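Hi everyone, thanks for coming. Let me put the structure up on the screen, and then we can walk through its pockets and its ligand together.

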Amino acid sequence: MSDEEDDIILSELDDEELVQQMMDDLYDGLKEEIEEGVRILLDRGWGPYDILTKPLVGGMTIVGADFRDGILFVPEVLLAANAMKGGMFILKPLLVETGAPTIGKMVIGTVKGDIHDIGKNLVAMMMEGAGFEIVDLGINNAVESYLEAAAKEGADIIGMSALLTTTMPYMKVVIDTMKEQGIREDYIVLVGGAPLNEEFGKAIGADAYCRDAAVAVETAKTYMARKHNRPPAEA
Ligand code: B1M
C-alpha cells in the first residue's frame, strides 16, 4: 500500500468516493477497511441491501474480471472474499431482522465439487430477511446431502448454487435423482450462480433460475403462494 493510501480517512470521504475506495479495498483484500466502510455507510443511513450490492458485490465483480484475465490469482481472490465476508457478517443481522413471519423453509447449498459460497450465503441471508427459514448445507454437496436434509427438515424449497461450468451440470444429477425417487414434485427447486441462465434452468428441470438474491426471494415467494393455493389432491 502506498503512503498516500495510508493517509485516507474513510469517514472524510463523501458517499461516492467512499464506495469507490471500498471497491478498491475489497480488491486489495482489506477486511478491516471494508468493515469500517460498511459501518460508516450504515451510520449515514444507507440500507444494508444497497451496501451489499454497490461497494461489496460491485467490488467483487471487478475482482472476478481480473481473476478471469489472469491479473489476480487465487490467494488474492481469497483475501477479497474474506474482506467481503467481513462486510456481510455486519450486514447479516440487519438483513434478517425484519421480523417477518416464516413463509417457507429452504435447504440451500453449493453443489458437489464447488467451494464458492459467497453468492449462496447472500441468497440465504436475503431469504432469511424475507421470512424464510433457511437450512444452509454449506459447500460441496452431493445429492444425498440435499435430499436427506430436505426430507429431515420438511423443506418446501431446495436451493442449489454453482459457480463453475464444470459443476453446474451436477444440479441435473440432483433433479434426476429426485425424479427417480418420485419426489421431484414434493419440492420447489431453485437454482442460481453466475454461469447459469434461464435456459439452463429449464433444461435441467428446475422450477426457476434466479439471477440474484433479490430475484431468489421474489421467485420463492411466488412459488410458495402457488403451493398454498394448489387445490388439495383428490382422495
Ligand atoms: Co472462483 N471462479 N475459482 N474462486 N471465483 C469464478 C466463478 C470464475 C468465473 C472466475 C473467472 O475466471 N472469471 C471462474 C469459473 C470459470 C468457469 O467455470 N467457467 C472461477 C474459477 C476457475 C475458480 C477455480 C477453478 C480457480 C482455480 O483453482 N484455478 C477455483 C475453483 C475451486 C472449486 O470450487 N472447486 C476457484 C476458487 C475461488 C476462490 C476460493 C479463490 C474464491 C471463492 C471464495 C468463496 O466463495 N468463499 C473464488 C471467487 C471469489 C470467485 C469470483 C471472483 C467471485 C464469485 C463471487 O463470490 N461473486 C468468481 C468470478 C465471478 O463470479 N465474477 C470466480 C459474488 C457473488 C455475490 O455472486 O456467486 O454469482 P454470485 O451469486 C449471485 C448470483 O449468482 C445468485 O445470487 C447471488 C447474489 O446475488 N446466486 C443464486 C448464486 N447462487 C445462487 C443460488 C440460488 C439462487 C441464486 O439458489 C436459490
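Let's begin with the second largest pocket, which is lined by K85, M88, F89, K92, N121, A124, M125, E128, I134 and D136. The elements giving two or more residues to that lining are α5, α6 and β2 (132-136). Helices here are DSSP runs of H or I with at least four residues, strands are runs of E with at least two, and both are numbered from the N terminus.

A word on the source: this is a predicted model, where local features need pLDDT of at least 70 and side-chain atom pairs count only at pLDDT 80 or more, while totals for chains, interfaces and linings use all residues. Residues are numbered from 1 along each chain as its sequence is written, and side-chain values use heavy atoms, with hydrogens and water left out.

What do I mean by a pocket? On a 1 Å grid over the protein atoms alone, a pocket is an open set of points where a 1.4 Å probe fits, with protein on both sides within 12 Å along at least five of seven lines; lining residues have an atom within 4 Å of a point.

The second largest pocket has a volume of about 210 Å³, the volume being the space filled by probe spheres set on the points, which are joined across faces, edges and corners. Its lining has five nonpolar, one polar and four charged residues. In this scheme Ala, Val, Leu, Ile, Met, Phe, Trp, Tyr, Cys and Pro are nonpolar, Asp, Glu, Lys and Arg are charged, and the others, Gly among them, are polar.

Now, how much space lies in the largest pocket? About 1,400 Å³. Of its 43 lining residues, M60, I118, G119, L163 and A194 are the closest to its centre. α4 gives the most to this lining, with ten residues.

The largest pocket is also the space taken by the ligand, meaning that more than half of the ligand's atoms lie within 2 Å of the grid points. Around the ligand are 32 residues, with R68, I115, H116, D117 and S161 the closest; to count, a residue needs a heavy atom within 4 Å. Here α5 gives the most, with five residues.

H116 sits in the loop between β1 (104-110) and α6 (118-129).

Finally, a polar side-chain atom of S161 is 2.7 Å from a ligand nitrogen.

Note on methods: Polar contact = N/O pair within 3.5 Å; in protein donor to acceptor, adjacent residues only side chain to side chain.
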